[in-house]
Amino acid sequence: MIKPIKLKINSSSVKDFKEGQPLITEAALKEKHVLKEQGAILELLDEKGQFVAKGYYGIQNKGIGWILTKDKHEKIDQSFFERKLKQALEYRKSFFQDLSTTAFRVFNGEGDGIGGITIDYFDGYYLINWYSEGIHRWKKEIIQALTKVVELKGLYEKKRFANKGTYMDDDDFVLGEKSPCPLIVKENGMNYAIYLNDGAMVGIFLDQREVRKLIRDKYAKGKTVLNTFSYTAAFSVAAALGGAKKTTSVDLANRSKAKTIEHFQMNGINDEEQDIIVEDVFQYFKYAVRKGLKFDMVILDPPSFARSKKHTFSAGKDYPDLLEQAIQITEKHGIIVASSNCSTFNMKRFKDFIAKAFKATGDQYKIHEEYQLPRDFKTIKEYKEGNYLKVVFIEKIS
Ligand code: SAH
C-alpha cells in the first residue's frame, strides 16, 4: 500500500472541508509538497497540525483528489469501499425492484462519498468509470468490495484518465461473463441497446431517463420532432413511442445511423417512416431555414464541446446561438427541449442563455418545466458542480 502523506492546508480550505466540500484542489495545499504516486492517501491538517480530513490523490480535469472521510480513525481499505457501496445500493433499492427499468446508476462519485468513480447497472452487468489514475490504483479493493455486495453477471470498466478525462481505448471487460452485444435494457418499458465494450459511450445516457419519459408521455403525441445531436436517437425512440407524427434525427457520426435504425426496430417502430440524417447539425439548420422547414418540437442536447470540419461548438459560449437557430425552425407554440451537461454553467445561467436567444430572435417564450439529474445520479449540496445536467422545456409563444 502507498504510504499516507500528511499535508497542511490553508485556513479557508479547512473551513470548506469541515463543511463537507469534497474536492481537493492544488490551491488548498499550504505547502507545495511533492505528490508523486497517485492513489496515495492524503491526511489534511490545519495550520496547527490538527487532523481535518482524509482523501486520496488523483488528478482529474478539476482538482487533484477527493475527500473520503472526516473521521481520523476510519481506514481506507476494502471494507471502507464495501460500506460506501452498500449505502449506495440501499439508496437505489427501488430501482432494483422496478422491472420496467433495468439500467441506472448505482454509484455516483462524490454524491455517494467517493469522487472520481461512477458505477452503472445494465440488467445484471456493471460498468465502472474511473476518472483518475489515483482512484484506479484502488481497483483491486473496489472490485473485491463490489463483488461482495452485489451479484453480478459481468463487470466492465472505462478508464477516463488518459488525457484529462478522455477515454483510454482498451478492452473494457474485467470479469464474470461477457455481455451480449448488444445487451438490451429496459427503461420505463422502452428498449435500448447497450454496447459495454465499444468505446467511451455505451449507447444511451442514463441521466436523461426522466426527460425521455416526459417526451414520450406528455409532449410527443401528434408532433413533428427534430432531434439534433441525436447519437443513437434515444429521444426519437421516446417521441415515436409517444405517438409523434414523425421524428427527424440528425447526427454527424456515421455510426449513429445503424444504431438509430436498430433502436427503432427493437421498439417496433418502422424506421422507414422516420428521417435519419447523417450531417453537421449547423449545416442542417441552414438547410431547414432555406427550405422553410418547421417542427413542433426541437430537441437540443449537444456535447459540451465539439469540433466538426466547419464548426467548433462550446456550450458555455455558443449555446445562445444554437438556441437562436432552433427557435427559427420551431413552429409557433412548438416546444424546444434545451439540454446541456456542461458543468461550467448552472441552471440560472442556462436560463440567461435562453432569454438572450429569444431576445435576439424577438420571439416570446414560456418555460414549462425544468429537469436536473435524476435520483440515482445522487449529488450533494456541498458540491454544486456535480449537478451538471440542465434540461428546460420551452414553448415558443410567438
Ligand atoms: N442527445 C444524445 C446524446 C448526444 S452525444 C442522447 O440523448 O443520446 C453527442 C452527439 O453529438 C454525438 O453522437 C456526436 O456525434 C454528435 N455531434 C457532435 N457535434 C455534432 C455536430 N456539429 N453536428 C451533428 N452532430 C454532432
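**Ligand, cysteines and rings**

Reader: Which backbone atom lies 2.8 Å from a nitrogen atom of the ligand?

Author: This is a predicted model, in which local features need pLDDT of at least 70, side-chain atom pairs count only at pLDDT 80 or more, and totals for chains, interfaces and linings use all residues. Residues are numbered from 1 along each chain as its sequence is written, and side-chain values use heavy atoms, with hydrogens and water left out. A polar contact is a pair of N or O atoms within 3.5 Å; within protein, one must be able to donate a hydrogen and the other to accept it, and residues adjacent in sequence count only if both atoms are side-chain atoms. The atom at 2.8 Å from the ligand nitrogen is a backbone N or O atom of V281.

Reader: Is C181 buried or exposed?

Author: Buried means under 20% relative accessible area, exposed over 50%, and partly exposed in between (1.4 Å probe, protein chains only). C342 is buried, at 7%. C181 has 60% relative accessibility, so the residue counts as exposed.

Reader: How are the rings of Y121 and Y126 arranged?

Author: Rings of Phe, Tyr and Trp (its six-membered ring) pair if their centres lie within 6.5 Å; planes under 30 degrees apart count as stacked, over 60 as edge-to-face and the rest as tilted. The structure holds 20 aromatic pairs. The rings of Y121 and Y126 have centres 5.2 Å apart and planes at 70°, so the pair is edge-to-face.

Reader: What kind of pair do F229 and F313 form?

Author: Both F229 and F313 are buried. Their ring centres are 6.3 Å apart and the planes stand at 40°, so the pair is tilted.

Reader: Which residues do ring pairs link into a cluster?

Author: F229 also counts among the residues that come nearest to the ligand. The cluster linked by ring pairs consists of F229, F282, F313, Y319, F345, F350 and F353.

Key: A residue is near a molecule or strand if one of its heavy atoms lies within 4 Å of it.
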